[in-house]
Amino acid sequence: MPNHVHPDEIRSNFSSALSDMYKTEVPLYGDLLDLVADTNRRVLQSDSTLMHAMEESDQLHRLNVERHGAVRLGTAAELETLRRVFAVMGMVPVGYYDLSVAGVPVHATAFRPIEEASLRRNPFRVFTSLLRLELIDNAELRGEAEKILARRDIFTGRCRELLDVADAEGGLNLAQSTEFVQEVLETFRWHSEATVDVQTYRRLRSIHPLIADVVCFKGPHINHLTPRVLDIDDAQAEMKARGIKAKTDIEGPPRNDCPVLLRQTSFLALDEPIRFVGDAAHGTHTARFGEIEQRGCALTPEGRMRYDGLLQSALADTAQGTDRAEAMRKAFEQWPNSLHALFSEGLAFVRFLPGRAHLEQGRKLADGLSAQALVDEGWLQIEALVYEDFLPVSAAGIFRSNLGAEVRAGYEGGGNRAEFERALGTAVRSEFSLYEAAQERSLAEALKACHAVPQ
Ligand code: OOG
Ligand code: NI
């Protein structure tokens, strides 16, 4: 349809509208954006290699608009409809995250764009969790929560109409897409009025703060929006210097010359006034916070297994009383500190670019060389393939530090991916396959470029 607005455009518009809304709702988020912009400017000014690399791979624009957010949903039907909403914006569910093992009764996916051009345009992603009431032992409260959730509709009527239009016609025109963005914002808005009385809120909160947060409000308020910073240790120090109270530990891998996966830290959630049903006085609820993230290279399944193993051993040491930062540093002592080492050990996904060899007189590209040999002989260069996803242990840490939830043992029984996908109405994409495909595509393109030059 020629007059349909591209999903990338709708996603960019939505992400920017959501950021504006959150800035007015939570002014501290605006302060964090300024801080991150200052840090990024400083890092790029002092590291011209990074600056050029980012410029060349067209990553600078993306950095300025890059945000992730999170919402927590109460029912399968809500998840299914939100999937349709995000589909209009070119976002699909990637990955399955089981947080029950960490004592948080939800499972989740990340809605995000997957095409490289779309990621470059705006990689907006939303960590979306679904409450698992079946993990709650108290049958009476479980039934009560189900009843309350069944009464609400988190989407506006007009949002639902526009979804039907988008599905029937394969997209939205300009006027429709503008309206759609405004209607979807309503689902993410904060409500300072609870839908229940304070006793119900307290009862649900006593089972798990997360349950009260999901069940007692009209909609799944966006609980944070996260900008991407190039040096999270620097930004963390700056947070302290500016009087923003940050979480003590940075989640994710320790600092390294070659950053991998995702490192995150946050400032603690605000205590916000809430009017409960039938009460004249205000109570409070704690849900919304600020977070910053630094993204590094995506790891292969083997790299990820190594990372998870080292993380578990550091956490076990921490449980024995070792300082967490120290335990992490010790566990990761042998972890490679360059992209080349990670790549040759098969731990990282990379993007291949044509190297210098094809520009040299008289050199001929032999057939059948491995990617490693092509890199060693200068035919190919490599750069990090950015990790676009989340980490379940880190996510559980973020949940906990912001819900005021005490560390509790994991729920038994583990994840239930099949049930999650049934609720979602589709299977989640495998993040590893997406990285693998991106790596393969870059290899084919780089080799084509090498061959295209007359030898
Ligand atoms: C989501 C926490 C997960 C992250 O960055 O890992 C997350 C939540 O608190 O709802 O956003
Ligand atoms: Ni987050």
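**Salt bridges and a nickel site**

The count comes to 44 salt bridges in this predicted model. Side chains of opposite charge can pair when their charged atoms come close.

**Salt bridge between helices**
- Glu179 and Arg158 meet through their side chains in a salt bridge, 2.7 Å from N to O.
- This pair links distant parts of the chain: Glu179 belongs to helix 9 (residues 174-188) and Arg158 to helix 8 (residues 157-169), 21 residues apart.
- Glu179 counts as partly exposed, at 30% relative accessibility, and Arg158 is partly exposed with a relative accessible area of 30%.

**Other pairs and a network**
- In helix 18 (residues 417-424), Glu419 and Arg422 lie three residues apart, about one turn of the helix.
- Their side chains form a salt bridge of 2.7 Å, N to O.
- Glu419 is partly exposed at 34% relative accessible area, whereas Arg422 is exposed at 59%.
- One network, joined by salt bridges that share partners, takes in Arg62, Glu66, Arg125, Arg228, Glu293, Arg295 and Glu388.
- Arg329 pairs with Glu333 in a salt bridge whose closest N and O atoms are 3.5 Å apart.
- Arg329 has a relative accessible area of 43% and is partly exposed; Glu333, at 51%, is exposed.

**Nickel site**
- His68 (NE2), His224 (NE2) and Glu291 (OE) coordinate the nickel ion (ligand 2) at 2.1 to 2.2 Å.
- The sequence spacing of these donor residues is H-x155-H-x66-E.
- His68 in strand 1 (residues 67-73) and Glu291 in strand 9 (residues 290-295) are 223 residues apart, a link between distant parts of the chain.
- Both His68 and Glu291 are buried.

Key:
Residues numbered from 1 in each chain as written. Chains lettered and ligands numbered in written order. Predicted model: local features only at pLDDT ≥ 70, side-chain atom pairs only at ≥ 80, totals over all residues. Heavy atoms only, no water. Donors = N, O, S within 2.8 Å, 3.2 Å for Na, K, Ca; no water. Helix = DSSP H or I, 4+ residues; strand = E, 2+ residues; numbered from the N terminus. Buried < 20%, exposed > 50% of the residue type's maximum accessible area, 1.4 Å probe, protein only. Salt bridge = Lys/Arg side-chain N within 4 Å of Asp/Glu carboxyl O.
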